[in-house]
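Please read the following briefing alongside the sequence and the coordinates. The points are grouped by topic.

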Amino acid sequence: FTIYKKLALGFGITIFAIVGSSFYTYFTLKKNIETIRGIANVYAPSEQNLHDMYFTISNSKMLIKNWVFIEIKSNTPNKRALIDLHKTTFPQIKRKLSPLVKCWNYSEQNKYNSIVRKIENGLFPKHQYIMNNLQQFDDYSNPMIIFEAQGMVEEENDEIMLISNKILSDLENLTKNISDKFEKGRIKMERSNSNFKTSVFTVGLLLILISIIIGVLMAHLIITPINKLKKATQEISRGNLDVYVSLNSNDEIQDLGDNFDIMTENLRTNQKQLQKANDKLRASQNKLEKANTTKNKFLSIIAHDLRAPFSAFVSVSEAMVNNFDMLSDNRKKSFANNINKSAIQLNELIENLLQWSQAQANNLEFNPEKTDIVKLTKQNISIASTQAESKKIYFTLESKDSVCAYFDMNHINTVLRNLISNALKYTPNNSKINIIIDDSPKNHVVINICDNGIGLTEKDISNLFRIDINTKYIGESTEKGTGLGLILCKEFVEINGGDIFVKSKINEGSIFSFTLPKKQ
């Protein structure tokens with residue numbers, strides 16, 4: 001569309017919408033009035049039928065009162081009227097009200113149902129009781145029978161009058177409620193419709209006036225997209241390429257805007273491609289640095305850590321072979337202890353190295369299940385007891401008898417083994433290691449392994465879990481680890497949804513803590 005055609009079409013559509021809305025509103029109001037009249041087809045018949053029911057119950061009082069026992073055997077008008085009231089009149093009124101009751105509110109329906117129950121379950125059974133009892137007397141010549149029948153009728157009539165009066169009172173209240181509600185609603189709706197009809201025509205005139213004003217304002221619709229293009233051009237000149245001109249005007253200006261957007265999109269695409277290339281280059285550099293760090297770590301472990309235990313094996317075993325007959329039993333035992341110590345260190349190193357390499361290759365199985373962490377901790381304490389006895393170190397465990405969490409038992413067993421082994425290495429002789437299992441937090445269990453060893457500096461703590469730092473030589477102890485144990489602990493704890501952290505002071509000891517989730 002050209003700008004001229006757009007203006008002409010805009011005026012035409014506006015006027016057509018105003019006229020159309022006026023006609024639509026008028027016919028809608030007319031339909032609403034018909035709907036209001038239709039409501040009268042519910043409440044007006046309801047009111048009439050309730051009046052009929054009131055008259056029927058009121059009439060039943062007179063019929064049962066005048067139906068004396070002398071008329072029992074004959075086909076009297078009172079008897080026929082009462083029977084007809086039971087079998088025809090009341091059922092007909094009930095049938096007429098049945099579809100209307102569904103249109104009442106909940107309170108009115110309950111009140112009506114209560115009235116019907118009182119009639120069917122209270123009043124009518126009383127009527128039937130009198131009729132059945134009076135028909136039992138065949139001989140009314142006997143004064144005693146007459147006296148008995150007279151007393152029974154009067155006694156039941158008193159109860160019937162009470163029930164009837166209660167039903168009539170309820171019917172009167174229900175009828176008045178429906179009548180008042182209908183009348184007020186009808187008056188209110190008719191007044192509302194009348195006012196609304198007047199307001200529609202007033203609004204229609206206002207809309208015509210507003211449409212003229214809109215026509216004048218449409219000129220601004222032409223200036224607005226031009227200003228957008230101007231601002232976008234200024235932003236690009238400042239180097240901001242994140243500019244998009246959205247002109248949905250379907251005219252000559254939109255053509256210009258579309259071409260402008262194509263130009264800026266091409267510039268953004270080129271910029272993004274350049275950014276992606278730079279990001280890929282940086283990512284490749286980071287991967288290369290990480291791979292190089294990992295390679296250096298492996299080389300360091302292979303060059304130093306593996307060589308040391310094997311050297312010990314060679315030197316000690318060679319000394320034993322060459323001098324076995326000259327060595328005393330104590331010296332032989334010392335050599336055996338050195339070999340055993342080297343074997344333990346080598347086994348620990350190989351085990352950690354194997355598990356760490358599997359973790360790096362994502363080849364480790366992860367099977368978390370609900371497990372007793374106290375039981376697993378006791379098992380690891382038992383395994384480390386021999387090494388602890390040699391240093392005269394004893395363990396204490398502060399925990400409940402059983403604390404369950406969700407974790408992979410193989411992973412956490414490795415974590416406990418490494419942390420307990422480290423505590424033994426860095427704790428002086430004649431000391432203790434305290435293990436505290438705290439399940440008071442809501443969502444996780446905390447396992448604390450506390451020693452009173454040499455402690456760590458803040459710098460040492462910050463380097464404990466870094467692959468590019470050789471943690472084997474952190475601290476001042478003469479006993480060294482494998483260099484992979486704590487890194488492996490961190491990865492296993494995090495795989496199981498927990499965290500690991502350290503608190504330590506020089507010459508006061510360290511607390512290694514990790515958490516495990518209580519729920520899967």
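Asn430 is placed in the loop between helix H9 (409–426) and strand E4, where helices (H or I, at least four residues) and strands (E, at least two) are DSSP runs numbered from the N terminus. Its phi is near 60 degrees, a positive value in a residue other than glycine. The model is a predicted one, in which local features need pLDDT of at least 70 and side-chain atom pairs count only at pLDDT 80 or more, while totals for chains, interfaces and linings use all residues. Residues are numbered from 1 along each chain as its sequence is written, and side-chain values use heavy atoms, with hydrogens and water left out.

**Loop and helix asparagines**

- Asn430 counts as exposed, at 60% relative accessibility; buried means under 20% relative accessible area, exposed over 50%, and partly exposed in between (1.4 Å probe, protein chains only).
- Asn507 lies in the loop between E6 and E7, and its phi, near 65 degrees, is a positive value in a residue other than glycine.
- Asn507 counts as exposed, with a relative accessibility of 63%.
- Asn422 belongs to helix H9 and is buried, its relative accessible area being 13%.
- Asn422 and Leu486 are separated by 64 residues in sequence and by 9.0 Å in space, C-alpha to C-alpha.

**The five-stranded sheet**

- Five strands form an open sheet in the order E2-E4-E5-E7-E6, with mixed pairing; two strands pair if DSSP finds at least two bridges between them.
- Strand E2 (394–398) and E6 stand at the edges with a single partner strand each, so one side of each is left without a neighbour in the sheet.
- From one strand to the next, the twist averages 15 degrees.
- In general, strands of a sheet pair through backbone hydrogen bonds, in either a parallel or an antiparallel manner.
- Strand E5 (residues 444–451) and E7 are antiparallel partners over eight bridges, and Ile449 has Phe512 in E7 as its bridge partner.
- Helix H8 (residues 373–390) lies across E2, strand E4 (432–438), E5 and E7, and runs at about 170 degrees to E2; axes are lines fitted to C-alpha atoms, for helices over the stretch in contact, and angles run from 0 to 180 degrees between N-to-C directions.

- E6 pairs with strand E7 (residues 509–517) in the antiparallel sense over six bridges, and Lys505 stands opposite Gly509 in E7.
- Three residues separate E6 and E7 in a hairpin, and Asn507 is in the turn.
- Strand E6 (residues 500–505) has a covered face of Ile500, Val502 and Ser504, whereas its uncovered face comprises Phe501, Lys503 and Lys505.
- Ser504 counts as buried, at 12% relative accessibility.
- The side chain of Ser504 reaches the backbone nitrogen of Leu456 at 2.7 Å, and a polar atom of that side chain lies 3.2 Å from the backbone oxygen of Gly509.
- A polar contact is a pair of N or O atoms within 3.5 Å; within protein, one must be able to donate a hydrogen and the other to accept it, and residues adjacent in sequence count only if both atoms are side-chain atoms.
- Leaving aside residues up to four places away in sequence, Ser504 touches Gly455, Leu456, Ile461, Gly509 and Ser510; contact means heavy atoms within 4.5 Å.

**Aromatic pairs**

- Rings of Phe, Tyr and Trp (its six-membered ring) pair if their centres lie within 6.5 Å; planes under 30 degrees apart count as stacked, over 60 as edge-to-face and the rest as tilted.
- By this rule there are two aromatic pairs.
- Phe90 and Phe124 form an edge-to-face pair, with 5.2 Å from centre to centre and 80 degrees between the planes.
- This pair links distant parts of the chain, with Phe90 in helix H2 (residues 77–101) and Phe124 in helix H3 (residues 106–134), 34 residues apart.
- Phe90 and Phe124 are both buried.
- The ring centres of Trp104 and Tyr112 are 5.5 Å apart and their planes stand at 85 degrees, so this pair is edge-to-face.
- Trp104 is buried at a relative accessible area of 4%, and Tyr112 is buried at 5%.

**Confidence**

- The protein chain has a mean pLDDT (the predictor's confidence in each residue, from 0 to 100) of 77, and 73% of its residues reach 70 or more.
- Confidence in the protein chain is lowest in helix H6 (residues 307–323), with a mean of 69, and highest in E5, at 95.
- Residues 473–478 have pLDDT below 50, and this stretch has 14 contacts in the model beyond near neighbours in sequence.
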